[in-house]
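Please look over the sequence and the structure shown here. The briefing that follows goes through them topic by topic.

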Amino acid sequence: QVQLVESGGGLVQAGGSLRLSCAASGRSFSDYGMAWFRQAPGKEREFVAAVSWTGGHTYYADAAKGRFTISRDHATNTLYLQMNSLKTEDTAVYYCVAAPAETSWFKSDYWGQGTQVTVSS
């Protein structure tokens with residue numbers, strides 16, 4: 001069974017940091033791009049950051065640039081999102097996703113179940 005399982009979410013004060021992890025099992029995603037999305041209550045799911053299958057290219061939403069860092073570890077089949085200088089508007093459920101090249105993230109079969117991040121003022 002192929003699974004993506006996020007962890008590391010929680011409650012943090014504004015200005016604090018969290019590190020999210022996404023552990024993949026059931027198959028290797030070393031040839032897939034991987035990304036983080038988030039969804040706040042009443043809002044659509046939005047892109048946060050992505051990393052290429054090699055790990056050599058990263059992409060960020062404007063809201064994440066300069067504060068978040070995406071990385072992946074092929075040896076452990078794990079995706080990470082280091083989030084610093086958190087703001088209340090970062091409050092959302094964070095999802096990881098894996099997709100092969102030329103495949104839309106939203107059409108991928110590989111989404112995690114999400115982890116809640118709550119940033120208090």
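**Ser52 and the basis of the model**

Ser52 is buried, with a relative accessible area of 13%; buried means under 20% relative accessible area, exposed over 50%, and partly exposed in between (1.4 Å probe, protein chains only). This is a predicted model, in which local features need pLDDT of at least 70, side-chain atom pairs count only at pLDDT 80 or more, and totals for chains, interfaces and linings use all residues. Residues are numbered from 1 along each chain as its sequence is written, and side-chain values use heavy atoms, with hydrogens and water left out.

**Surroundings of Ser52**

- Ser52 sits in the loop between strand E5 (46-51) and strand E6 (58-60); helices (H or I, at least four residues) and strands (E, at least two) are DSSP runs, numbered from the N terminus.
- Apart from neighbours within four places in sequence, Ser52 is in contact with Gly33, His57 and Arg72, where contact means heavy atoms within 4.5 Å.

**The disulfide**

- The structure holds one disulfide, a term for a pair of cysteine sulfur atoms within 2.5 Å.
- This disulfide joins Cys22 to Cys96, with an S to S distance of 2.0 Å.
- The pair links distant parts of the chain, as Cys22 is in strand E3 (residues 18-25) and Cys96 is in strand E9 (residues 92-99), 74 residues apart.
- The torsion about the S-S bond of Cys22 and Cys96 is about 55°, so the disulfide is right-handed.
- Both Cys22 and Cys96 are buried.

**The loop between E7 and E8**

- Asn77 is found in the loop between strand E7 (68-73) and strand E8 (78-83).
- Asn77 is buried, its relative accessible area being 16%.
- The Asn77 side chain reaches the backbone oxygen of Arg27 at 2.9 Å and the backbone nitrogen of Phe29 at 3.3 Å.
- Such a polar contact is a pair of N or O atoms within 3.5 Å; within protein, one must be able to donate a hydrogen and the other to accept it, and residues adjacent in sequence count only if both atoms are side-chain atoms.
- Not counting residues up to four places away in sequence, Asn77 touches Cys22, Ala23, Ala24, Arg27, Ser28 and Phe29.
- Thr76 is placed in the loop between E7 and E8, and Thr76 is partly exposed, with a relative accessible area of 42%.
- Thr76 and Ala23 are 53 residues apart in sequence, and their C-alpha atoms are 7.9 Å apart in space.

**The cavity**

- There is one cavity of 30 Å³ or more; on a 1 Å grid over the protein atoms alone, a cavity is a set of points where a 1.4 Å probe fits but cannot get out, and lining residues have an atom within 4 Å of a point.
- The largest cavity has a volume of about 40 Å³, a volume being the space filled by probe spheres set on the points, which are joined across faces, edges and corners.
- Its lining includes Phe29, Met34, Arg72 and Asn77.

**Loop residues with positive phi**

- Ser85, in the loop between E8 and E9, has a phi near 50°, a positive value in a residue other than glycine.
- Ser85 is partly exposed, with a relative accessible area of 41%.
- Glu102, in the loop between E9 and strand E10 (110-111), has a positive phi of about 70° although it is not a glycine.
- Glu102 is exposed, with a relative accessible area of 83%.

Technical notes
1 Å grid on protein atoms, 1.4 Å probe; cavity = no way out; pocket = protein on both sides within 12 Å on 5 of 7 lines; lining within 4 Å.
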